[in-house]
Amino acid sequence: MRWFAFLMLAISFGCAGVSDGTIVKVLPHYLDAKGRHSDGPSLLHRDVYQKKLRDEPELINALRFDIKWRGGGLDVETAKLRVEVRSSKAGVPPQVFEQQIKLGGRANWTGVLVSAEEYKKIGKMESWRATLLVGDKVLAEQKSFLW
């Protein structure tokens, strides 16, 4: 009988409507003039191409953060991903980019794009912070080492 009471208590806490979310992974990708982050289908192609773009910054046209997140019970009307980027240029304030989320299942990927114009203002990225928000409430955060 105790196990049944414990099970009911656990289920009631799990279904209480409390929205929770986590950021699993953040992948900042440089994009070339054609909007590509890779020149082939495999992860090895992607990693080699990203190194090429880092070594030859004149080939970089824009930046995209691919963010894997999980969330249960999130209100898609007010939930969003925010990415803040710090520049290595002196005197450039951190830039903020936001993207509304779309629920697709247990784990989702959302891309947050830094356009070519914005990327030119920022220049070389020094650090970043990604935040999962519902309204103004922060549910999860992940940041780079130098943030």
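Is Asp-66 buried or exposed? In this predicted model, Asp-66 has a relative accessible area of 13% and is therefore classed as buried, since the cut-off for that class is under 20%. The side chain of Asp-66 meets that of Arg-64 in a salt bridge, with an N to O distance of 2.8 Å.

The salt bridge between Asp-66 and Arg-64 is one of 10 found in a search of the whole structure. Another joins Asp-47 to Arg-46, where the closest N and O atoms lie 3.1 Å apart. The two partners fall into separate accessibility classes: Arg-46 counts as buried at 18% relative accessibility, whereas Asp-47, at 41%, counts as partly exposed.

A further salt bridge is formed by Glu-84 and Arg-129, with 3.0 Å between the closest N and O atoms. This pair links distant parts of the chain, as Glu-84 belongs to strand E3 (residues 79–87) and Arg-129 to strand E6, 45 residues apart. Glu-84 has a relative accessibility of 13% and so counts as buried. Both residues also belong to a network of salt bridges that includes Glu-141 and Lys-143.

Strand E6 (residues 125–134) pairs with strand E7 (residues 137–143) in the antiparallel sense, over 6 bridges. Within this pairing, Thr-131 has Glu-141 of E7 as its bridge partner; Glu-141 is also a member of the salt-bridge network described above. E6 and E7 form a hairpin with 2 residues between them. In the turn, Gly-135 has a positive phi of about 65°.

How values were computed. Residues numbered from 1 in each chain as written. Predicted model: local features only at pLDDT ≥ 70, side-chain atom pairs only at ≥ 80, totals over all residues. Heavy atoms only, no water. Pairing = 2+ DSSP bridges. Helix = DSSP H or I, 4+ residues; strand = E, 2+ residues; numbered from the N terminus. Salt bridge = Lys/Arg side-chain N within 4 Å of Asp/Glu carboxyl O. Buried < 20%, exposed > 50% of the residue type's maximum accessible area, 1.4 Å probe, protein only.
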